[in-house]
Amino acid sequence: MPHRIEELHRRFDAELKQVTGLEALLDLRDRYLGREKGILSQELKRLGRLPKDHRPEYGRLANQLKDYIEGEIQSLTARLRQQEEAERLNQEHIDLTLPGRAYPTGRPHPLVLVKRQIEEIFVKMGFTVVDGPEVDTDYYNFEALNMPKDHPARDTQDTFYLSEEFLLRTHTSPVQIHYMEKHQPPFRIVVPGRVFRRDNPDPTHSPMFFQVEGLVVGEAVSLADLKGTLEFFLRELFSPDTRARFRPSYFPFVEPGAEVDISCIFCRGTGCRMCKMSGWIEILGAGMVHPKIFERVGYDSQTVSGFAWGMGVDRIAMLKYGVDDIRLFYENDLRFIEQFS
Ligand code: PHE
């Protein structure tokens, strides 16, 4: 009956060819080699029913086939395991040469950088940083600063009114009044903050921008102190060879008042496009606090004196960084913003 064994052999070979995975292979093994119901076990059980002289030959062939099947299954198992491992490694493969992911980090806005720098210089000189409300009253923004309702100086400040009484402050000077109402001299403060004017945006105007106010009050504070303080500040902010020029000017809340220019930081005073060939660039307004202001907040204008100034952070940032359009600061274009540090 050897042809039965041969037939089984062929069947097994054919089925083995179909196997593509480990699971199917285990099934195949069980089906042929399973101890009870395995095809081969069944076949060997038939042995007893065969004529005696056929048994040894049949048994030998059957056992040969069993060994063969075991061998085939073992080697295919090893191959399939290897294949699976290779696939797994391939999936888990990490390319160590790939560039890392860049996680973008935030950074301070150029106006924040300049504001901080201004604050640092004044803190070094013993000033305190103070802030005040962006929405204020007509009284603090104008009246208390010697600008009654019919005062011509109001015309130069196009104001966003919220109501008869409330407005968006047009400068940081109202904080002078708030502070003096609550504190006694001597003191030195700087007040950074947003201010608002009804200007149409153009390269030098923005309806919202930043100012830093300064106020020093004490006994015998003089115009020389004002000059010395601002000259020191401007040299720290720009460069040690920066010169300052004080031109008489008018602000209702100071007397005398001045506009302060610095020697052009681009041409060092020889004249260029940036300073319109004048050699000077206007940088801030300043003056000695008007006695009427002191009286309004209850100070004795006979014994105290002081000086104040106000300057635009945007303008300073534009000069320092060579930015020619103030609107760039407010468009939040990262390609612009990310250039500063
Ligand atoms: N507040 C004035 C302005 O916005 C600047 C200034 C402040 C002038 C303090 C003198 C003293 O134009």
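Strands (E, at least two residues) and helices (H or I, at least four) are DSSP runs, numbered from the N terminus. This is a predicted model, in which local features need pLDDT of at least 70 and side-chain atom pairs count only at pLDDT 80 or more, while totals for chains, interfaces and linings use all residues. Residues are numbered from 1 along each chain as its sequence is written, and side-chain values use heavy atoms, with hydrogens and water left out.

**The ligand**

The shell around the ligand has 14 residues, and H171, S173, R197, Q211 and G310 come nearest. Now colour by strand: β9 (305-312), β5 (208-218) and β8 each supply at least two residues of the shell, and β9 gives the most, with 3 residues.

A side-chain N or O atom of H171 is 3.0 Å from a nitrogen atom of the ligand. S173 places a polar side-chain atom 2.9 Å from a ligand nitrogen. For R197, a polar side-chain atom lies 3.1 Å from a ligand oxygen. On its own the ligand has 320 Å² of accessible area (Shrake-Rupley method, 1.4 Å probe), and the protein covers 91% of this.

**Salt bridges**

Move on to the salt bridges (a side-chain nitrogen of Lys or Arg within 4 Å of a carboxyl oxygen of Asp or Glu). The count comes to 20.

Select E134 and R194, whose closest N and O atoms are 3.4 Å apart. E134 sits in the loop between β1 (128-129) and β2 (135-137), R194 in strand β4 (residues 187-196), 60 residues apart.

Go next to R268 and D241, a salt bridge with its closest N and O atoms 2.6 Å apart. R268 is in the loop between β7 (254-263) and β8 (280-289) and D241 in the loop between α8 (223-237) and β6 (244-249), so the pair ties together parts 27 residues apart in sequence. R268 is exposed at 52%, whereas D241 is partly exposed at 44%.

Finish with R245, R247, E259, D261 and E282, which are linked in a network of salt bridges.

Technical notes
Buried < 20%, exposed > 50% of the residue type's maximum accessible area, 1.4 Å probe, protein only. Near = heavy atom within 4 Å. Polar contact = N/O pair within 3.5 Å; in protein donor to acceptor, adjacent residues only side chain to side chain.
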